[in-house]
Amino acid sequence: MEPSTPPAGRGLRLEEEEERPSMERVFEGEPVPSRSETITLRSVAVSVALGCTLSVVAMKLALTSGFAPSLAIPAGLLGFFLPRVWIRLLDSCETSQLPFTRQENTVIQTCVVACTSIAFSGGFGTYILAMSSSAAEGSIGNDDNNVEEPNVGRMVVFLLLTSFAGMFAIMPFRDSLIIHHRLTFPSGTATAHLINTMHTPQGAKQNSKQVAMLLKTFCGIVAWSIFQWFFAGGQDCGFRTLPTFGIMAYRLGFSFNFSMTNVGVGMFCPYKITISMLAGSLISWGLIWPYIETKAGDWYPKGLDDDNISGINGYRVFIGISMILADGLLHMLFILLRTLYTMSKQEDNPQPMQNAGGQPFQCLNDVLDRTTHSFDDRRRTQVFLRDRMPSMAPIMAYVFLSVISTVVIPHLYTPLRYHHVAFAYLIAPLFAFCNAYGNGITDMNIATTYGKITMLIFSSWVGLKDGGVVAGLAACAIIASNVSTASDLMQDYKTGYITLTSPHTISISQVAGTALGCVINPVIFWVHYKVYKGGAHDDSNTIGPYAKVYRGIAMLGMTENGLPTHTMLLCKVFFTLALSVSVLREVAACRGWRVRPYIPSTIAMAVAFFVPPTIPIGMVVGSAVIYLWGRSDRNDMQMMSPAVACGLICGDGFGSLVSSMLTLLKATPPICIMFLSREVNVSLDAFLAAKATSS
């Protein structure tokens, strides 16, 4: 998506522009609240409650499906609903309250999203688990130098060191990206329009319906999760073992396991993504892996565990990695070229600047041309530019955090030395700016791609004998965390720009939410991890499906010894195929070919190569719900489907937490429900009859 900067000399006249519907005209009579009227006890309490609750949901997603859908919509909806409940309760007690404004709503949304984002950018389902012995089991590099077990204290300190530097690195570019380049930042813009709409009379009524639907779905799914728990009293027990498509398909991994998280994610995802993932599962789990399994004893040793990187899992992980790298590298190159092209166009066609002396918007003299921007643009820019900070302040803050991290991080992860950390922080601002600019244009956050490239470089730099696996993963965490938080902050600045929220207030909310996330998310992760280590987990939805992938990338930078036969050859073949499909997709998009909608998403297919087929199947069910709902009542689907999807995801996440707590309390499900083939059932009946006769 191109930036919305109009070419010089081609703007509409001011009178014509102001004839268009103006959101700021609706709020023109309302003064912009001060910081003390925006950051209130009410907003802080709601932010903490929502941040902790949605972090449970985000962690569930990060540890199971690996997907990172934006929780900005549920945060915005609930951030509007809960303060209104607060106000009504205090009004019934005849207690005076400040009015609830869209700026306060933005503060809550920013803080909550910053908190929940740590579940993804913190790498709990990727590089944190990739360092553990469970990910290293059965593979090369499983010695003490290349293994670091998760530790709550270390995770909190590491996150506090790495999650703030990216914000300060991008702050000097705030006005340039939002005002001068006028980047779109689609997610931030959509969230802002949602908040603005909800604070109009019609929007408030619609929000009440959406929140009611969300709560109904949430309660129903929590009850369903608890109901399922009662029937999971043993291995291979429960409704998740239902052979939906038959016994043969179930043995290959194809079944619907009643995970409402996957259904909810599928309702959010475009059809192309879910169908591409299903196609990837059919190709890999239905054809390629069964064929390779026939080569056991020839291409790789027989009798290895499914998770052993020297067996069938080596093919799954490294072929998937090669396809992800092909698609990710192409996207990164494409975004960088597009970014450079856009910047060169804006340098060749600078915005004309006019003096607006004596006018209400005279603070915009050096930024906006009044003849080419609407009332909304001028009003928002006026408020956005009120807050100024010394340009050296964020730079000095970044340098300070970099120095502290350079000293402390080598003590947390010893294979990573001081000069390694210093170099990582030296290149992080460049990656952060490139990612933020590209995210503003395309709405794509490729922080993990930057992290994977960094991982390859640092693991090769340190070497396997000196702990290159841990060093590469830790370096990946530094870069990915810095780059991701920088992009998130710019999205929030865009939201604040459109809702007339002070940039300083946005920064404070982002810092507070990030700090809360750095503490609460490791605790939530530890609960899940303890349950997993205790053996009470679902093998079809094991936590951390990407952990072995990230560990495999780190090892790929150092050696290919210990991998199954033909692994690297197959990686090269699939890398080439994935790159070809990605190039074809981009060319089709640029030239407007009719075949473009039918070209699959390469990275979606690649993900399906190593995640269980139950995940794509659940997502396709979600897409089917959206399709059928849209055919029945499109308007109702567009209004209510986000609330239903959020209710499914949140309810399943909370239900999973309840099940985890029951497991930690040594509670055992009283019933075991199993599904058997006819032949097995006949044999079982004969066995039980013989046993009854003998007794």
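Buried means under 20% relative accessible area, exposed over 50%, and partly exposed in between, with a 1.4 Å probe and protein chains only. By that scale Trp461, at 40% relative accessibility, counts as partly exposed, and Phe423 is partly exposed too, with a relative accessible area of 34%. The model is predicted: local features need pLDDT of at least 70, side-chain atom pairs count only at pLDDT 80 or more, and totals for chains, interfaces and linings use all residues. Residues are numbered from 1 along each chain as its sequence is written, and side-chain values use heavy atoms, without hydrogens and water.

Rings of Phe, Tyr and Trp (its six-membered ring) pair if their centres lie within 6.5 Å; planes under 30 degrees apart are stacked, over 60 edge-to-face, and the rest tilted. This rule gives 29 aromatic pairs. Phe423 and Trp461 form an edge-to-face pair, 5.8 Å centre to centre with 85° between the planes. Phe423 lies in helix H20 (residues 418–442) and Trp461 in helix H21 (residues 447–462), so the pair ties together parts 38 residues apart in sequence. Helices are DSSP runs of H or I, at least four residues, numbered from the N terminus. Elsewhere, ring pairs link Trp224, Phe227, Phe231, Phe239, Phe256 and Phe258 into a cluster.

A nonpolar core is a set of buried Ala, Val, Leu, Ile, Met, Phe, Trp, Tyr and Cys residues joined through side-chain atoms within 4.5 Å. The largest one has 158 residues, and those with the most contacts inside it include Trp289, Tyr315 and Phe525. Helix H22 (residues 468–498) gives the most to this core, with 18 residues.

Note on methods: Helix = DSSP H or I, 4+ residues; strand = E, 2+ residues; numbered from the N terminus.
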